[in-house]
Amino acid sequence: MPIVRAPHYGRWLGVAVVVVLVAQFVVGALTNPRYDWPTFARFFFSTTVLKALWVTVQLTAYAAVLGFVGAVILAVMRQSPNPLLRSISWGFIWLFRSIPLIVQVLLWGFLGALYTHLGFGVPFGPVFGEIATNDLIGPMSAAVIGLSIHQAAYNAEIIRAGLLSVDEGQREAAAALGIPQRRQFTRIIFPQAMRTIVPPATNEIIGLLKGTSVVFILALPDLFYQVQVIYGRNGRIIPLLVVAVVWYVILTGLLSAVQFYVERYFAKGAHRELPPTPRQKFLTWVADTRAIAGDRRSQRHLLRHGVRSPRRGPVEESR
């Protein structure tokens, strides 16, 4: 008996509803004069906005790298048999997850109000040298420190969850083979844990990208702060906010693309076939399209010469 696929009327109805809603939004955005697209176009690639965008990218990159390294150290400490290390890690995570990000950035930015000078010497003893706190920690350094600590506290639990997801038998097998503990972690445990770590960690990095906007409190010229300065002068609030939104969307899309390739890399050994890349999908679609076009040309050729091609019916169930 031929296999007949059930029609998916609900699916097509849903597609139609989504297409209509998206079309309405696009047409409304293009025709609404309040969006002020000429102002948007004038400032989207302006030198001021691009410099502020670079500051945002730098903050995100520095805090992501430093936060991830700190999170790995904290996660390993949480699993250490040493109770002192476990306590220090737990206390660090508890403290800095309890303080709002904007407060952390403010504390580091105004550290000079608490400690005008930082000294170097023997604890509770003589001081060999001092340096002004404001000279040591500027606005950029304060923002990076606050963002990095915040990321380390949150990512530590994500990494710990990934380490716990690796079966205990992996550690036992590696120990039975005489593999050193450091090599067990770097070559066996951590690569497997990354399959669990990457999705939530990337989500945290995307949140960090948008969270860098809190550095406006330090008058650091990131993207959001610079957009505020511009629309404070010309009063074009909506188009300038759209400029910031579009740049954030672009950066988030790039991070999502990086996430796909990182996940694909760490999927080696866990799946028989790796998920196809967009380029592979496109080449497959081109090959299928060419094959279908070739079949149609061959059928038309046979019909022109009076030869009837065999009918290709639905797949029949094997008896």
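Predicted model: local features only at pLDDT ≥ 70, side-chain atom pairs only at ≥ 80, totals over all residues.
Me: Which helix does His 150 lie in?
Reply: Look for the run that covers residues 139-165. His 150 falls inside that stretch, so its helix, a DSSP run, is H8.

Me: Is His 150 buried or exposed?
Reply: The relative accessibility of His 150 is 14%. The cut-off for buried is under 20%.

Me: Are H5 and H8 parallel, perpendicular or oblique to each other?
Reply: Two packed helices are described by the angle between their axes and the distance between the axes. H5 (residues 101-109) and H8 pack at about 140°, with axes 8 Å apart. Roughly antiparallel would need an angle over 145 degrees. So H5 is, relative to H8, oblique.

Me: How many charged residues are in the contact of H5 with H8?
Reply: On the H5 side, Leu 101, Gln 104, Trp 108 and Gly 109 take part, and they meet residues of H8 including Ala 142, Ile 145 and His 150. By class, the contact has six nonpolar and four polar residues.

Me: What percentage of residues 88-111 is helix?
Reply: UniProt, in an unreviewed entry, lists 88-111 among its "transmembrane region" stretches. In the model, the end C-alpha atoms of this stretch are 23 Å apart, and strand makes up 0%. Helix makes up 88%.

Methods
Residues numbered from 1 in each chain as written. Heavy atoms only, no water. Helix = DSSP H or I, 4+ residues; strand = E, 2+ residues; numbered from the N terminus. Buried < 20%, exposed > 50% of the residue type's maximum accessible area, 1.4 Å probe, protein only. Axes fitted to C-alpha atoms, helices over the stretch in contact; angles between N-to-C directions. Parallel < 35°, antiparallel > 145°, perpendicular 65-115°, else oblique. Contact = heavy atoms within 4.5 Å. Nonpolar A, V, L, I, M, F, W, Y, C, P; charged D, E, K, R; others polar. UniProt positions renumbered as here; feature names shortened; annotations may be inferred.
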